[in-house]
Structures are given as C-alpha cells and as structure tokens.
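This briefing covers strand order, helix packing and model confidence. The structure comes first, then the notes.

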Amino acid sequence: MTGQKFSFRANIRLKDIIGQGLIQNSNIAIIELIKNAKDAGSRKVEIVFRRAEAGGPGSVLVIRDFGKGMSVTDISGKWLNIAYSEKRNSRRSGGAYYAGEKGIGRFSCDRLGKALDLYTKTKGGEWTALRIDWPSFEVDDPDRQISDVELFPRTFPILLPGENPDVAEAVSGTTLVISDLREAWGLNELERLKKELERFIIDPEGQFSIHLKSEDVRDKDGNLVFDGQIENKLLSRIDEKTIAIHSSISNDGSLIHTEIHHFGEVILSFESDNRYSELKGIKAQIHYLSQGAKVSFKSITGYTSTDYGSIMLFLNGFRVLPYGEPNDDWLRLNAKKAQGNARYLGTREVFGLVEITDDNRAFVPVTSREGVARNLAFSQLSELESDGSVDGAYLITLVRTLEKYVVEGMDWDRIAPENADFSYEEILSAINGIVRSGSKGGQYRNVVVNESKLREIARQKVEELQEFVSNLLERVADKDVYDLTKADRRDLKRYVERHEAALVAKTEIADAYRDHAKTETKRRLFAESGRSSDDRRLEEMQHLVGLWTQQIEDELEGILLDLAAPTFEKDDIMSRLRSAHAMTKKINKLSAVITRANFNFISDNISHDIFEFVDDYIGDLVTYRIDLTRKMSIGFVNRDGTKLRLNFSPLEISMLLDNALANSKKFKASKVTVEAHSDEAFRYLDIIDDGSPLTDKYLAEDLFNAGITTTTGSGIGLSHIKEIATGRNARVSIFSNNIGGTTLRLSWAK
C-alpha cells in the first residue's frame with residue numbers, strides 16, 4: 001500500500017454543512033446576502049416576499065441589488081468556486097476591507113429556499129442566468145462529489161418582456177429569486193426580520209439603503225404592513241433621552257477624544273494619547289438607560305431594551321454577531337455588577353454601538369460567524385489584560401467613566417454647595433474624578449467643561465434631595481422604629497449613606513483638590529514655562545502694576561486739577577475716582593499673585609465664549625476707564641457672530657487687553673476697534689488702532705521678544721501678550737494697517 005497517493009474529496013453533502021448547517025438562521029442568511037450586495041458596490045437592496053406566509057411550493061423571496069454584477073467567467077471561476085473569495089485580499093473603494101471574505105455567504109440561498117434563479121449583469125455586458133435546485137445535492141452517496149452536479153448558465157443580451165417580473169432592467173446588478181422557501185414568512189417572522197435589519201443598519205452617511213416588502217401581510221384596511229425603507233430611528237433620537245459617553249480613536253491611531261452627553265448636551269469633553277497599539281478608526285457611544293430612558297427606548301424602537309440588545313459591534317459597516325445580542329455579555333459587565341449592584345452598570349442598563357473602520361485587518365471575522373478572532377486588537381478593545389483585569393481595555397474604560405458620572409457625578413447633591421451654589425472648584429473636583437477614571441494614569445488635555453449646565457444639574461439634584469429628605473421626615477416623624485416599613489428603612493439608609501458621602505466629598509475637596517489646583521497653577525505659571533523664568537513672570541506682572549499705577553496717578557492728578565479750578569463737575573470727579581478704584585482692585589489681586597499669597601485668582605479658569613468675555617470687558621472699560629476713553633474711543637464689533645469657547649483665566653485675558661490698549665495709547669491712537677471675525681481656516685480677535693504705524697527698525701515678529709521696544713517703555717507688554725495668547729492656543733501677530741495705525745491679531749485655527 002505504500003506509495004499510493006490520497007487526497008481530500010468533497011462529498012455532495014458538503015453543501016448542507018456550508019449552507020443550512022453553518023448559517024445559523026434565515027435572518028442571518030438574508031443579512032449575508034445583503035453584505036454581498038453592498039460589497040458589490042450597490043447603493044441599495046430590495047427584499048420582496050411573495051406568497052410566503054406558509055412557505056413551501058409557490059413561495060418566493062427576491063433579493064435585488066444594483067452593484068457591479070457578474071459575468072459568466074465570474075460565475076464559473078468565482079461564485080461556483082467554494083470557499084474562494086476575491087475579496088479576501090482586496091479592498092473596496094476608500095480602502096476598507098470587504099465584509100464577506102470567506103466565500104461561503106452564497107450558500108445563504110440554500111438556507112432560505114430549495115431553488116435559486118440567479119440573474120446578473122455587468123455594466124455593458126450581457127445578462128447571465130443560472131438555475132440551482134439545491135435538493136439535487138441532498139443525496140446520501142459516499143461516491144458522489146459536489147462537482148458531479150452540473151449547472152448550465154445561459155446568457156442573453158436583454159430581458160425579454162414577461163420572462164421574469166422579479167428582474168428589473170438595470171445598468172448592472174444581481175437579482176436572486178429564491179423559491180420553495182424552507183420557512184414561513186408571516187407577520188411574526190417579518191417583524192423579527194425587520195428588527196434584525198434595523199439593528200444591522202448603521203449608515204450615518206446615508207450611502208446604503210434596504211427596502212423590505214411583503215405582498216402577503218396586510219392590515220385591516222388592506223394596506224401592506226411591510227413596504228418601506230428600513231430605518232434605525234434609534235441613533236438619531238436616543239442621545240437626547242439618555243446620559244451617554246461618546247468616544248473616538250482617530251484614523252491614524254494617535255488620539256482619543258471623549259465626550260459626556262447629558263440628554264443631548266455635551267457637558268464635558270477631553271482628549272488623551274491613544275495607548276492602544278492596535279486600535280484606530282473606532283467610534284463608540286454607550287448610553288445609560290435609566291427607567292425613563294427605557295420607556296423612551298421602547299417608544300422609539302417598539303422593543304424593550306432587554307429584547308433589543310446591549311452594546312453592539314460593527315466592523316466596516318456590518319454588524320458582527322453575537323456581540324450585543326440580548327443574552328450576550330461580551331464585556332462581562334454583569335459579572336462586575338454582581339460585586340456591587342449600585343456602583344456598576346450591567347447589560348440591562350446600557351445600550352451602545354461600536355463602529356470599527358479596519359483598513360489593516362486588525363479584526364478578523366471567524367468562519368463560524370461567531371464574532372471576531374480573539375487577537376491583540378480584540379483584547380485591547382474589550383478583553384482581559386496581562387494582569388488579568390479588564391479595566392484597561394478601551395470599551396471598559398468608557399463604561400467605567402460613564403459609571404463614574406452616573407453614580408458619582410450625578411450625586412453632587414451629597415455636597416453642600418457654598419453660598420447656595422456650587423463653586424467652580426467643586427465642579428472641577430467632580431469632573432476631575434470622572435476624567436481620571438478613564439485616563440488609567442495617563443495624560444489628558446483640552447478639557448472643556450460646560451460649567452453652567454453642570455451647575456444646573458447639581459442644583460436640580462440638591463432640590464431633589466431636599467424634597468426627598470422633607471418627605472422622609474414627614475413619613476417617619478411619628479413612627480416607632482419597629483413600625484418603619486421596608487421602604488422607610490431603605491430610604492433612611494440612603495439618607496445616612498448620603499451624609500456619610502458628603503463628609504468624604506468635603507474632605508476630598510478641601511484636601512486633595514485644592515492642593516492639586518495649587519500645584520497645577522504653580523506648575524503652569526512658574527515651573528512649566530520653558531520660554532520664561534520665574535523672574536520674567538514676576539517682571540511681566542510688575543509691568544502691569546506699573547501701567548495700572550500710572551493710570552491711578554493720572555486720575556488723581558486730574559482730580560486735583562479739577563478741585564483746584566474755580567468750578568468743577570462732581571460727575572467728572574466721581575468718574576475718575578471709580579476708574580482709580582477699579583485699577584486699585586486689580587493691583588491688589590495681582591500683588592497677591594506676585595507674592596504667592598493667592599494662586600486661586602489667576603488659576604480660576606472659566607469655560608466661556610472668549611469673544612463674549614472681551615465684549616463685556618470692553619464695555620466695562622468704556623464705563624469705568626476714563627483715563628483711556630477721554631482721548632481714545634474704544635469699541636467692540638462681531639459682525640459675523642463668531643464664537644469660540646475656551647478655558648481661560650479672566651485675569652490673564654484682561655492683562656492681555658490692558659497691555660494692547662496701553663500700546664495703542666502710547667502710539668497716540670484716537671480710536672481702537674476690537675473686532676472678532678472668522679474665515680474658513682481661523683477665528684480672529686483683532687485690536688485695530690489709528691495710531692502710529694510700526695517702525696522699520698525691527699521685524700514685526702521681533703517686537704514680541706522681551707526688551708524690544710519702539711517707545712521709552714520696557715518692551716515687556718507685547719512679549720506678555722504673546723505668552724498669554726500662546727497659552728490659549730492662539731497665534732499672535734502685529735502689522736501696520738494700509739490706512740495708518742497697527743493691528744494686533746490673535747488667531748485660533750478651526
């Protein structure tokens with residue numbers, strides 16, 4: 001027997017294993033055929049059921065696309081070549097890999113019905129038709145091979161009238177006419193299919209559509225129940241009904257951007273470097289489903305959230321099963337929740353979508369349609385890390401951050417507010433804990449806080465707590481401890497826990513956060529400045545004190561001259577006194593910073609529209625700064641309504657504006673216009689005066705170097721302006737105007 005050659009043989013029953021055995025159910029079979037249509041470049045797919053309520057003889061399912069179609073050569077060399085797929089090592093236009101890469105999705109036709117009539121046409125080519133009777137392969141014969149069944153495609157130049165009404169004339173495309181259906185497609189089955197297709201469709205760009213029609217199922221008025229485009233209304237409406245976290249990893253894999261949404265409004269956003277080597281091109285949104293949100297969920301979808309599913313995964317535009325199915329817990333949230341019910345979120349409390357655009361085959365679907373390969377990319381996305389924990393995986397950190405906000409961030413009512421409101425420091429303390437929960441010890445930046453919305457939420461929670469306490473006291477006031485109901489004991493426990501948490505929270509704010517704020521301020525103002533030393537920072541502040549002191553002297557001299565005159569106007573003197581008083585208050589605050597007695601003032605950043613702040617500040621100057629406005633008119637314009645929300649220190653921006661206006665005054669300007677405007681690339685803040693133009697003695701950019709001056713001054717003002725502007729991510733420039741004077745420009749890239 002030695003020396004004989006053997007090889008694998010494909011028995012005729014291989015068809016059953018690949019088709020009816022491998023493809024789990026009829027809904028998945030239809031989805032596999034839709035994937036093939038989209039991979040073929042079709043912008044839409046039409047699904048039509050006819051005489052299908054009972055299945056069996058006479059029943060028909062038509063799946064029609066308008067993609068690139070196939071030639072006879074394609075059918076013989078590719079479509080009939082089991083497990084062959086030209087898509088395996090090629091890509092769609094735009095770079096993404098195809099969804100179908102195994103070469104077995106075509107056997108979905110066998111899963112659905114006993115016979116297939118395939119009609120296909122390439123652009124400019126002929127029509128090709130192929131008939132397959134699947135029972136021809138259902139033969140128990142060990143010697144009969146799958147290739148023994150001969151198939152005979154035929155070609156024809158045009159569709160003959162009445163040849164097959166299910167095939168529409170088209171430039172190109174493929175129509176599958178599946179008959180003698182293996183299952184019934186009545187109301188319940190079509191409802192389940194529609195639900196599955198709705199969950200399958202994630203197409204925010206509107207580039208692909210599915211139309212579902214059944215000619216059998218009608219309502220009491222005789223109208224078709226199923227005859228329309230499949231839409232996922234959930235995506236467009238769920239955000240405004242929930243608290244959610246949205247996150248994305250950039251296409252180049254360098255950056256993670258994260259936002260927390262509170263009923264559709266962004267209340268916090270921040271960025272961090274991407275520490276996941278295999279993850280890029282990912283978008284994720286995870287929604288917390290409160291009881292009210294669950295009611296809205298059912299109203300939108302027609303299904304309860306538990307029946308619909310949890311956090312679903314999409315790869316290159318297609319849903320990957322079983323992730324997010326009603327009984328699937330691929331992120332193991334329920335196991336964590338079992339450790340502490342109130343602190344963690346389980347699959348019944350979250351709904352989410354994870355969309356991956358994978359141009360590098362980091363995620364590999366497995367042949368069984370049971371998810372993707374558990375490789376390094378999948379591990380970084382969702383699974384255990386080397387230390388045995390899941391807390392470091394990307395999606396888990398998002399869930400933990402959402403939990404932090406839902407469980408603790410919304411629990412700010414446990415903190416007694418200062419002066420009947422929450423201080424900015426208290427707000428940042430809570431936000432800092434939320435951000436840190438997702439940073440895994442890494443660096444985060446560009447933190448934008450919607451302070452006004454957070455205060456509104458906090459105040460609402462305080463009111464709810466006060467109402468809760470009032471109702472609780474009223475319920476238990478006259479009750480003996482033994483008469484308390486189960487609900488009374490539960491609420492009393494909640495009350496005690498909240499007060500205990502309040503003490504902890506106050507301690508954290510007083511000790512940890514205030515120390516942190518001081519450290520961060522010192523680091524930013526003194527230690528971290530690579531371009532200036534502590535001495536230079538102090539020199540800049542002293543320069544401002546000098547400016548303001550000179551302004552006070554000018555006002556006092558003016559008052560003395562007025563008083564020495566035979567007659568004087570009381571209103572003029574009062575105006576000068578108000579201006580001097582305002583300058584004195586600034587000096588007091590700034591001197592506290594210089595002597596390091598109070599870092600909080602300069603570190604108290606606000607999140608606000610900077611152009612609106614400048615408008616308000618200019619308005620105050622016009623009202624109180626007689627020293628400036630007596631000989632120089634100052635105004636603010638924002639003709640195109642430009643807006644730019646930034647985190648900034650009001651003191652620093654006031655320093656910048658005071659320095660700029662002082663320069664205009666030195667150059668004998670009689671008019672200064674502060675103008676906000678924008679174009680396609682930048683947002684601008686221009687300080688335009690009609691004073692002397694720039695000298696040719698220095699290059700314009702050199703004027704921002706400390707010590708360079710065109711007047712008798714110290715040359716510190718413009719260098720300080722540049723430093724403040726750079727700290728707010730702005731470019732700064734200065735140039736002469738065509739009609740005289742100069743423009744100092746701050747620009748922010750869009």
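Is the crossing of H2 and H5 left-handed or right-handed? The crossing of H2 and H5 is right-handed; a crossing counts as left-handed if the near helix is turned anticlockwise from the far one by less than a right angle, and as right-handed if clockwise. This is a predicted model, in which local features need pLDDT of at least 70 and side-chain atom pairs count only at pLDDT 80 or more, while totals for chains, interfaces and linings use all residues. Residues are numbered from 1 along each chain as its sequence is written, and side-chain values use heavy atoms, with hydrogens and water left out. Helices (H or I, at least four residues) and strands (E, at least two) are DSSP runs, numbered from the N terminus.

**Helix pair H2 and H5**

- The axes of H2 and helix H5 (residues 187–200) come within 10 Å and cross at roughly 40 degrees; axes are lines fitted to C-alpha atoms, for helices over the stretch in contact, and angles run from 0 to 180 degrees between N-to-C directions.
- That angle makes H2 oblique to H5, since angles under 35 degrees count as roughly parallel, over 145 as roughly antiparallel, 65 to 115 as roughly perpendicular and the rest as oblique.
- On the H2 side, Asn27, Ile30, Ile31, Ile34 and Lys35 meet Arg192, Leu193, Glu196, Leu197 and Phe200 of H5, where contact means heavy atoms within 4.5 Å.
- By class, this contact has 6 nonpolar, 1 polar and 3 charged residues; Ala, Val, Leu, Ile, Met, Phe, Trp, Tyr, Cys and Pro count as nonpolar, Asp, Glu, Lys and Arg as charged, and the others, Gly among them, as polar.

**Sheet with E1 to E8**

- An open sheet of 8 strands has the order E5-E4-E3-E6-E2-E1-E7-E8, with mixed pairing; two strands pair if DSSP finds at least two bridges between them.
- Strand E5 (154–156) and strand E8 (227–229) are at the edges with a single partner strand each, so one side of each has no neighbour in the sheet.
- Neighbouring strands of this sheet are turned by 15 degrees against each other on average, direction ignored.
- Strand E1 (residues 44–50) and strand E2 (residues 56–65) run antiparallel and are joined by 6 bridges; Phe49 has Leu61 in E2 as its bridge partner.
- Helix H2 (residues 26–39) packs on the sheet, where it touches E1, E2, strand E6 (173–181) and strand E7 (209–214), and its direction makes about 145 degrees with that of E1.
- Helix H3 (residues 72–79) also packs on this sheet, touching strand E3 (113–121), strand E4 (127–133) and E5, at about 40 degrees to the direction of E4.

**Sheet with E9 to E16**

- Another open sheet has 8 strands in the order E14-E13-E15-E12-E9-E10-E11-E16, again with mixed pairing.
- Its edges are strand E14 (318–320) and strand E16 (444–449), each with a single partner strand, so one side of each is left without a neighbour in the sheet.
- Strand E12 (residues 282–288) pairs with strand E15 (residues 350–356) in the antiparallel sense over 7 bridges, and Tyr288 has Val350 in E15 as its bridge partner.
- H5 packs on this sheet, touching strand E13 (311–315) and E14, and its direction makes about 105 degrees with that of E14.

**Confidence**

- The protein averages a pLDDT of 77, and 70% of the residues score at least 70; pLDDT is the predictor's confidence in each residue, from 0 to 100.
- Confidence is lowest in helix H17 (residues 600–603), at a mean of 42, and highest in E1, at 95.
- Over residues 412–420 pLDDT stays under 50, and the model has 28 contacts for them beyond four places in sequence.
- Where pLDDT is low, the predicted coordinates should not be read in detail.
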